[in-house]
Amino acid sequence: MILLSLFFFIADYREKVNQANITRQQLTLLETVDIFTNTNERLRQLKNAKNNQAWLHLATLHGNQSASTAYQLAEYFHQRQQMQSAQLWYKVAIRQNHIQARIALANNYFQQQEYARIKPLLLPIIANAEALTILYKVALYQGDVAFITRYKNQLANSEAQEFYLELETFSVFAADSEPLTAKVSKSSALTCLIDVQFFATNLAGLRHTQQLINTFQQQHLAEFVCLNAPKYIAADIVKCSHQADEKITCKANTWAQRKDINTRYLGLVVERGGANVDHGILYIDQNDSIDVLVHELSHLMGFVDEYPLPVQHQKCQQYQQEPFAHNLVVLPEFYQGDRASVRAKVLSQVPWFSLIKDTTPILSRYNQGWQLLTPKEYQNEIGLFPANSCQNQRQMQAFKPLAQRTKLQYFELSFPPTYIDILRLAANKFLMPSYHYNVSRDLVELGDYDQAREVLQSTLFE
């Protein structure tokens, strides 16, 4: 009778488990009398039966006594993006010495950019390769050079050796901070029209930059451009000051302290901000696409935007005295005089004049004179077509070689083969100045005129 009663008792409580209405006290009693099935096995059976409601109820009762169950609960909520509940159960598992829960919670904090909470969480298990890897990612974000240096050997000898080699590739462990006093070598530029040394302020940026460089090799401009593998630089060193929706602006004088740069141009990849080119430095954020990179690189080479420029842009303030870009001219719209003479005068100001056929008109009859404009019926030819570049400055009209829109107007469009042909006509003519210009300008603003002069003298780039 006792055994029969016990059998019915256990069966009744098992049914309560399946119905998700067993209490904590009843579960404790069931664990005492049911010597054939423990709670871990019951959880496994419920999961196999896909009885999620009963599994969740039982796991919640059991999690405070089982690190493994607490961790499973945390993962359950994490998968459903219920982050508050997930973090709670990770912490319950951590209190029961669950190492993987520490790593998972640290990854969660990392994704939420709560970097300050990660170090106390992982330092107790820093011997763990996964923990050390996360700590290094945090150190890169925070520019914690002391940490990077201190644990270098441990990382190199850990199970995360592949990660160590990746960081080494990105020059994370390099100590190149001596002043730039020697003449800058031009060796890397011998086979390139332009060469760019990229830097990034965190691991995600470094990885993304390397992917962009690899992808860039398939672009038309690749035959003119050499992109060097990205190197790490701490965000607090470059001192960027912009909001996420503003164009990226950073201090350039810091580059005077680097001795490991032998390129004409620099590229800096930051966490967020608007891509742009400031003389010899190209800025993009770590989410920008290959289209953005190609667009910005074209600026270094001497191509100007074909979308409306700011009203104060210097190229839209007056008519050009001489050509200033491969793809744009700013010339008077109306002319008087002999058509052939006017045409010759205009073409002397146009970098792509040799690609315009003699049969392609660039002037249209207007009142008693001529309007600078290639007619629509020649829109598939190379000529002089209105560009939107100086649209915000109503007194000025810019002209471009092609009627269709290009990558200089919309990132997503292709870089026209015609622009490659124009580039070949005078590839070096409209290059941006070396990044040393940016450095010298910032040093002048700081009142350090001697070093500003020294930086300019240190470069062989004209």
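The structure is a predicted model, in which local features need pLDDT of at least 70, side-chain atom pairs count only at pLDDT 80 or more, and totals for chains, interfaces and linings use all residues. Residues are numbered from 1 along each chain as its sequence is written, and side-chain values use heavy atoms, with hydrogens and water left out.

The secondary structure of the protein consists of 19 helices and 11 strands; helices (H or I, at least four residues) and strands (E, at least two) are DSSP runs, numbered from the N terminus. The protein has 462 residues, and 50% of them count as buried. Here, buried means under 20% relative accessible area, exposed means over 50%, and partly exposed lies in between, with a 1.4 Å probe and protein chains only. Among contacts with a separation of 6 or more, 60% come from residues 24 or more positions apart, where a contact means heavy atoms within 4.5 Å.

Next come the cores. In soluble globular proteins, nonpolar side chains tend to be buried together. A nonpolar core is a set of buried Ala, Val, Leu, Ile, Met, Phe, Trp, Tyr and Cys residues joined through side-chain atoms within 4.5 Å. The largest one in this model has 112 residues, and Ile 118, Tyr 136, Ile 194 and Leu 297 have the most contacts inside it. Helix 9 (residues 129–142) supplies the largest share of this core, with 10 residues. Leaving aside residues up to four places away in sequence, Leu 297 touches Ile 194, Val 196, Phe 216, Val 225, Leu 227 and Leu 282. There is also a second, separate core of 19 residues, which includes Val 238, Trp 255, Ala 256 and Leu 268.

Attention now turns to a pair of helices. How do the axes of helix 18 and helix 19 cross? The axes of helix 18 (residues 435–445) and helix 19 (residues 449–457) come within 8 Å and cross at roughly 170 degrees. Such axes are lines fitted to C-alpha atoms, for helices over the stretch in contact, with angles from 0 to 180 degrees between N-to-C directions. Helix 18 and helix 19 are therefore roughly antiparallel to each other, since angles under 35 degrees count as roughly parallel, over 145 as roughly antiparallel, 65 to 115 as roughly perpendicular and the rest as oblique. On the helix 18 side, His 436, Tyr 437, Val 439, Ser 440, Leu 443 and Val 444 meet Tyr 449, Gln 451, Ala 452, Val 455 and Leu 456 of helix 19. The residues of this contact divide into eight nonpolar, three polar and no charged; Ala, Val, Leu, Ile, Met, Phe, Trp, Tyr, Cys and Pro count as nonpolar, Asp, Glu, Lys and Arg as charged, and the others, Gly among them, as polar.

The buried residues of helix 18 include Tyr 435, Asn 438 and Asp 442. Their cover includes strand 3 (265–270), strand 4 (276–278), strand 5 (281–285) and helix 19. Just after helix 18, Gly 447 takes a positive phi of about 85 degrees.

Which residue does the side chain of His 295 join in a polar contact of 2.7 Å? The partner is the side chain of Asp 305; a polar contact is a pair of N or O atoms within 3.5 Å, where, within protein, one must be able to donate a hydrogen and the other to accept it, and residues adjacent in sequence count only if both atoms are side-chain atoms. His 295 sits in helix 15 (residues 290–301) and is buried, with a relative accessible area of 1%. The side chain of His 295 also reaches the backbone oxygen of Lys 407 at 2.8 Å.

A polar side chain in a strand gives another example. Asn 228 belongs to strand 2 (residues 225–232), and its side chain makes a polar contact of 3.4 Å with the side chain of Gln 197.

Finally, some loop residues deserve a look. Asp 338 lies between strand 7 (334–335) and helix 16 (339–347) and is partly exposed, at 47% relative accessibility. A polar atom of the side chain of Asp 338 lies 3.3 Å from the backbone nitrogen of Ala 340. Gln 113 is not a glycine, yet has a positive phi of about 60 degrees; this residue is in the loop between helix 7 (99–111) and helix 8 (118–122). His 279, in the loop between strand 4 and strand 5, has a positive phi of about 50 degrees although it is not a glycine.
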